[in-house]
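Open the model in your viewer and keep the selection panel at hand. The tour goes from one selection to the next.

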Amino acid sequence: MTVRMNRRGFIATAAAAAAVLYVGISPNGALAASGDATALNPFVRIDADGRVTAIIKHFEMGQGPSTGLTTLIAEELGVTMDQIGFEFAPSDPQVYNNLAFGPMQGTGGSTAMANSFMQYRNAGAAARQVLIEAAAAEWDVDAAGLDIVDGRITGGGKSAPIADFVAAAAALPAPAEPRLRGPDEWRLIGKEGTVKRKDTPAKIDGTAQFAMDMQLDDQLVVVIVHAPRMGATVASVDTSAADGMSGFAMAKPLPDNSGVAVFADTTWQAIRARDAITVEWDNSAAEMRSSDQIRDELIAAVSDTSTWAPKGDQAQVAAAVEGAAKVIDRTFYFPLLAHAPMEPLTCTIEPTDNGGVILHDGAQFPTFGHMTLSQVLDLPMEKIAIRTVMAGGSFGRRANATSDYNRECAMAFALTDRSRPVKLVWTREDDIKGGYYRPAFAHRVRVGLNDRGGIIGWDHRIAGQSIMKGTSMEQMAVHDGVDHSSVEGVADTPYAVPSMSVGLSDVEKATSVLWWRSVGHSHTAYVMESMIDMVAQESGADPLALRLSMLPGETPAQTRMASVLKAVADMADWSNTGDRALGLAVHHSFGSFVAQVAQVSGGKDAPVRIEKVFAAVDCGIAVNPDVIRAQIEGGIGFGMGHAMRNQITLTEGEVDQFNFPDYEPLRISDIGAIEVQVMASAEAPSGVGEPGVPPAGPALANAIARAGGPRVTELPMMTQVDFA
Amino acid sequence: MRELRLNGKTVKVEAENGTPLLWVIRDELKLTGTKFGCGVAACGACTVHLDGEPTRSCQTYVEDLDGVEITTIEAISGDQVGAAVQQAWTELDVVQCGYCQSGQIMSAVGLLTSNPSPTAEEIDTHMWGNACRCATYQRIRAGVQRAAEILEA
Ligand code: FES
Ligand code: FES
């Protein structure tokens with residue numbers, strides 16, 4: 001699929017019989033205004049009664065685009081947050097493509113705000129401009145003297161609601177480059193207390209519609225008996241024990257034999273029938289290794305010369321390190337992790353009268369889902385519509401190049417006569433056992449110090465299963481053999497490290513793997529920040545002072561990283577530690593900089609508890625400061641919770657864990673208060689959904705070590721640390 | 001056919017013995033505010049009130065509900081404590097993905113009904129079973145405290 005890229009975020013308007021004003025991007029890629037929704041793909045719609053609706057191209061998994069992108073339209077247009085609503089855009093990769101990804105529509109890599117900031121502001125500004133021009137013509141005044149304030153066009157001694165000019169504005173062409181409001185005019189962007197989340201009301205009274213909430217007339221529910229091992233296939237199915245169970249419709253192997261689809265009228269009936277069905281598996285092509293073997297392979301790989309060399313000359317650096325006065329040599333291991341979003345995976349395929357289908361989904365990569373359905377159901381793209389509903393979390397899981405659960409639902413739908421809607425439901429067990437994990441990784445780092453404790457060489461070797469290789473993302477993400485997502489956060493560290501080499505070895509596929517909130521940074525930050533604390537300890541330096549000395553301000557990244565460090569140190573009163581055990585970590589990811597200080601109690605003789613966490617974040621212009629704080633708070637919980645106690649292990653290829661009792665989520669009692677400071681910045685907005693995660697694990701690890709507990713280099717911590 | 005008392009009304013349901021209340025509410029009565037998170041009483045997303053007591057509906061069976069008053073998130077605003085909790089949740093923008101929040105609110109209402117001014121520790125103990133994968137915990141804690149203030153005023 002090819003899509004015209006449109007770097008300047010041109011916009012188009014549109015007008016129709018019913019007097020509706022749309023502003024968005026026209027098929028030629030220009031900003032356009034129209035009354036006809038089919039003439040362009042809208043970012044904002046204004047109805048005849050003046051109601052404004054922001055059309056959100058990114059899905060909402062809690063990270064806040066339904067608030068953030070709405071804020072941008074409201075700001076530029078000149079309406080209050082109460083005067084604007086939102087809805088999700090349909091799947092149209094031609095228009096709603098994520099400018100960071102190229103020709104596809106999707107949400108990920110913490111890009112929602114970064115790539116939409118100009119597009120949505122331009123659309124809001126263009127809408128303001130055509131409305132003002134329409135009013136100026138009618139009132140016979142100079143448009144330059146008019147503005148829209150709180151939904152009213154005002155100036156030249158006149159004032160009227162925007163509703164009065166919707167029809168006239170829709171007939172006007174959109175300005176090619178609308179005037180954007182400057183930061184001094186902003187009433188909403190970056191202003192504390194002015195914006196409440198737009199999705200709160202429906203999420204506190206049970207009315208928010210998640211994909212799991214689809215209840216279509218006559219729908220069939222399908223659950224899948226999944227192969228217990230990657231690569232196993234269905235050998236035989238015995239449904240006799242389910243025959244006659246109420247609501248049970250049928251059970252058939254999926255066409256690729258990866259599982260058996262069990263259909264029933266309701267979810268519970270399907271789950272019960274699945275429990276009753278026996279499936280024999282053919283394991284001849286199945287993965288039979290255990291996670292201990294995979295771990296050993298990874299550790300062996302980092303003990304050897306690396307296959308790929310993303311940075312520096314490994315042999316040269318190794319020689320320098322070996323000749324150093326002192327060498328700190330540490331090996332780290334990170335287990336497989338599941339995303340376990342609160343809402344288990346689900347989607348519904350509904351047949352339409354014209355022989356097409358509608359996919360109802362908390363769609364993170366609608367373009368891939370769209371193409372997958374087209375292929376599996378043998379339908380042209382235009383006969384498929386995607387309706388995006390709320391997603392109950394994702395952490396990366398709903399975004400995947402193979403659209404696994406969309407594909408599964410489509411395969412199941414194709415097993416029916418296509419007359420009834422089919423809703424696929426994964427149970428928590430399917431989710432925990434279902435693959436697409438954060439890959440396991442090992443790192444070995446040898447840092448050579450001179451006799452004054454200064455770093456003279458840093459030999460860093462990484463091994464893991466590549467996320468991108470062998471997928472449609474490979475071309476974009478893999479260069480010279482190096483999957484950047486395996487080494488990001490190390491190979492591109494802002495720290496000034498003298499004589500650094502980074503090596504990477506891939507290991508063979510053991511399970512399906514996928515990006516997991518913060519991707520490579522989920523392990524690389526842990527290693528970098530733990531090592532730096534170990535260097536500080538060895539050389540008797542203060543961990544803050546050492547970090548600052550490695551950030552001399554030679555690059556903008558060093559300057560921004562140093563300033564979040566100083567800010568968090570102030571918040572935590574770092575120079576007056578007293579008897580508090582504080583752990584520091586900082587990391588740069590997704591364009592943002594986050595520093596954290598974890599304060600723990602216990603550690604030596606008593607169980608560890610996280611008493612308090614401080615964080616400072618620089619994510620460029622902070623559109624909604626409170627949404628940013630919430631994302632950092634959540635990222636800290638997510639990062640610390642998994643570091644504390646989560647892992648997926650395999651025994652002879654089968655996943656050992658089954659549900660939350662053995663993949664225990666962070667609980668409210670695990671973590672005390674979190675304080676987040678959002679730094680003032682004039683830089684372009686960057687990510688906030690992921691950058692809170694990477695420093696969380698190492699801040700906790702460093703705090704535990706400073707509290708007299710063990711230096712944990714193998715996760716989860718729980719195997720060595722007793723938590724309260 | 002059997003009768004249940006739900007949100008102040010009598011409703012008729014067909015579900016067989018052994019069917020968890022969660023699925024009766026969601027699939028038969030089509031009230032989808034009560035969520036499925038784990039099915040094994042380990043996450044709290046399915047929390048409803050049985051005679052005012054927060055209870056995991058995924059482990060409550062339809063045949064055990066004779067004469068029991070069931071309340072779900074859809075009706076909690078009719079309860080004074082429920083309305084205060086919803087107000088506090090709005091003021092503090094507690095939600096992220098929101099999927100756990102029906103259960104969080106039902107548990108919080110149960111706590112505040114029996115203990116109008118809980119300490120942070122009591123909140124942690126009571127809310128322990130309500131997992132939030134988005135980790136909105138500190139706002140949940142603050143939200144319960146804020147609701148207590150609203151109720152006191
Ligand atoms: S669904 Fe009932 S506790 Fe998780
Ligand atoms: S808000 Fe997402 S799980 Fe709690």
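Helices (H or I, at least four residues) and strands (E, at least two) are DSSP runs, numbered from the N terminus. This is a predicted model, in which local features need pLDDT of at least 70 and side-chain atom pairs count only at pLDDT 80 or more, while totals for chains, interfaces and linings use all residues. Residues are numbered from 1 along each chain as written, chains are lettered from A in the order in which they are written, and side-chain values use heavy atoms, without hydrogens and water.

**Stop 1: helix α2 of chain B**

Select residues 80-91 of chain B. These twelve residues form α2(B), whose end C-alpha atoms are 17 Å apart.

Step to the start of the helix. A side-chain oxygen of Asp79(B) comes within 2.8 Å of the backbone nitrogen of Val81(B). Now go to the other end. Just after α2(B), Asp93(B) has a positive phi of about 45 degrees.

Which residues of α2(B) are buried? They are Val81(B), Gly82(B), Ala84(B), Val85(B), Gln86(B), Ala88(B) and Trp89(B). Buried means under 20% relative accessible area, exposed over 50%, and partly exposed in between (1.4 Å probe, protein chains only). Show the cover next: it includes α4 of chain A, with α3 (101-114) and α5 (137-152) of chain B.

**Stop 2: the interface**

Select the residues of each chain in contact with the other, meaning heavy atoms within 4.5 Å. You get 63 residues of chain A and 50 of chain B. Together the chains bury about 4,600 Å², 55% of it on carbon and sulfur atoms. Buried area is the accessible area (1.4 Å probe) that two parts lose on being put together, summed over both. Highlight Ile204(A), Met342(A) and Ile668(A): they supply 19% of the area that chain A buries against chain B, more than any other three residues.

Now look for charges. Six salt bridges cross this interface. Each is a side-chain nitrogen of Lys or Arg within 4 Å of a carboxyl oxygen of Asp or Glu. One to select is Arg26(B) with Asp213(A), with the closest N and O atoms 3.0 Å apart.

Colour by element on the chain A side. Those giving two or more residues include α4 (200-204), α5 (267-276) and β31 (671-678). α16(A) gives the most, with nine residues.

**Stop 3: helix α13 of chain A**

Select residues 521-539 of chain A. The helix has 19 residues and reaches 26 Å from first C-alpha to last, close to the 27 Å expected. Of its 19 residues, 16 are buried. Gly540(A) follows, with a positive phi near 70 degrees.

**Stop 4: backbone exceptions**

Most residues other than glycine have a negative phi, and most peptide bonds are trans.

- Ala340(A): phi is near 45 degrees. Find this residue in the loop between β16 (326-334) and β17 (346-351) of chain A. Ala340(A) is buried, at 0% relative accessible area.
- Arg418(A): phi is positive, about 60 degrees. The loop here runs between α9 (404-415) and β20 of chain A. Arg418(A) is partly exposed, at 32% relative accessibility.
- Leu715(A) to Pro716(A): this peptide bond is cis, with omega near 0 degrees. Pro716(A) sits in the segment after α17 (696-706) of chain A.

Conventions:
Expected span 1.5 Å × (residues − 1). Polar contact = N/O pair within 3.5 Å; in protein donor to acceptor, adjacent residues only side chain to side chain.
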